[in-house]
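Welcome! Take a moment to look over the sequence and the 3D picture below, and then let us walk through them together.

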Amino acid sequence: MRSSGLKRPNVTRSAKTKQPAARRSATSILPWKLVSTSHQHTDRLGQVIGRVLRGGETIALYGPLGAGKTALVRGIAQGLGASPTAISSPTFVVIHEYYQGRLPLAHVDLYRIRTPRELESTGLIEYFSGQTVTAIEWADKGLAALPQDRIEITLNHRAARSRTIQLSATGPKSDEVLSHLRKQYSKTSRVHRVSPRRALDREATTRS
Ligand SMILES: Nc1ncnc2c1ncn2[C@@H]1O[C@H](COP(=O)(O)OP(=O)(O)O)[C@@H](O)[C@H]1O
Ligand SMILES: [Mg+2]
């Protein structure tokens, strides 16, 4: 009897201490879904991603042709401080490297990869150590070679200028980056939402 009396508070305590952590991880591992309403919107998301990256991340991009994968990578490059105009789909060269930014960026397009042997010949896995950020279009074709901890981003057509974008993390490092990204992104979208009104206020002030 005494032992059951001792056990009960322990169970309660452990439930109390574990619950917040469980809730925290449950919210952070949930995919983050958003809708981009324009090319610029996707670009802005990419820029925030580029600003929060810490180095060594793998960003796996999924989605059909024209979904905006390259557009997003262009934003990421800009956020890293590299020139966005340098970024184009690496159609014949599978991997393009960019060194002008805060961190090196490898932009990979696996669209044309057909076999595991072709995948191996790209040398992709050599990018997964060190500080290089690796952004991979058509990542589904290279799943076997990808690091376990990665940021996954799936883009899909919704309407002519509208895309769904779903982001998730598959490991603790990516999870941290994604949490930071969500905070930073909500700050920039607040600024973005407020600025047109501010612009109108400014216009009204200068007119009166
Ligand atoms: N909301 C949007 N986000 C991204 N691209 C968009 C959006 N709306 C229209 N677009 C257009 O869709 C095309 C996306 O092309 P791209 O980024 O090369 O796609 P992918 O690399 O997925 O094949 C571009 O022409 C871009 O201007
Ligand atoms: Mg592309």
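This is a predicted model: local features need pLDDT of at least 70, side-chain atom pairs count only at pLDDT 80 or more; totals for chains, interfaces and linings use all residues.

Two strands are said to pair if DSSP finds at least two bridges between them. Helices (H or I, at least four residues) and strands (E, at least two) are themselves DSSP runs, numbered from the N terminus.

Residues are numbered from 1 along each chain as its sequence is written, and chains are lettered from A and ligands numbered from 1 in the order in which they are written.

**The overall picture**

The protein has 5 helices and 7 strands. Along the sequence they follow the pattern α-β-α-β-α-β-β-α-β-β-β-α. A residue is buried if 20 or more other C-beta atoms lie within 10 Å of its own, exposed if 12 or fewer, and partly exposed in between, with C-beta atoms placed from the backbone. By that rule, 29% of the 208 residues of the protein are buried. Two residues are in contact if their C-beta atoms, placed from the backbone, lie within 7 Å. Among contacts between residues at least 6 apart in sequence, 67% join residues at least 24 apart.

**How the strands pair**

| Strands | Sense | Bridges |
|---|---|---|
| S3 and S4 | antiparallel | 4 bridges |
| S2 and S5 | parallel | 4 bridges |
| S2 and S6 | parallel | 4 bridges |

Ile95 has Val108 in S4 as its bridge partner. Leu61 stands opposite Glu137 in S5, and Tyr62 has Thr154 in S6 as its bridge partner. Is S2 largely enclosed or open? Because 4 of its 5 residues are buried, S2 is largely enclosed by the rest of the structure.

**Two helices to look at**

The expected span of a helix is 1.5 Å times one less than its number of residues. Helix H2 (residues 39-52) has 14 residues and should span 20 Å, which agrees with the 20 Å between its end C-alpha atoms. Its buried residues include His41, Thr42, Leu45 and Ile49.

Helix H3 has 12 residues and reaches 17 Å from its first C-alpha to its last, close to the expected 16 Å. How many of the residues of H3 are buried? The count is 12 of the 12, so H3 is largely enclosed by the rest of the structure. These buried residues pack against H2, S2, S3, S4, S5 and S6. Just after H3, Gly81 takes a positive phi of about 95°.

**The nonpolar core**

A nonpolar core is a set of buried Ala, Val, Leu, Ile, Met, Phe, Trp, Tyr and Cys residues joined through C-beta atoms within 7 Å. In the largest one, which has 35 residues, Ile59, Leu61, Leu72, Ala135, Ile136 and Ile153 touch the most other members. Elements giving two or more residues to this core include H2, S2, H3 and helix H5 (172-207). H3 supplies the largest share, 6 residues.

Leaving out residues up to four places away in sequence, Ile136 touches several residues, among them Ile59, Leu61, Val108 and Gly142. Gly142 itself is found in the loop between S5 and S6. Why does Gly142 count as buried? Because it has 21 C-beta neighbours inside 10 Å.

Gln131 is exposed because 12 other C-beta atoms lie within 10 Å. Beyond its neighbours within four places in sequence, Gln131 is in contact with Gly55, Gly56, Leu103 and Pro104.

**Around the ligand**

A residue is near a molecule if its C-beta atom, placed from the backbone, lies within 6 Å of it. Of the 18 residues around ligand 1, Thr42, Gly68, Lys69, Thr70 and Ala71 come nearest. The elements giving two or more residues to this shell are H2, H3 (69-80) and strand S7 (162-169). The shell divides into 3 nonpolar, 11 polar and 4 charged residues; here Ala, Val, Leu, Ile, Met, Phe, Trp, Tyr, Cys and Pro count as nonpolar, Asp, Glu, Lys and Arg as charged, and the others, Gly among them, as polar.
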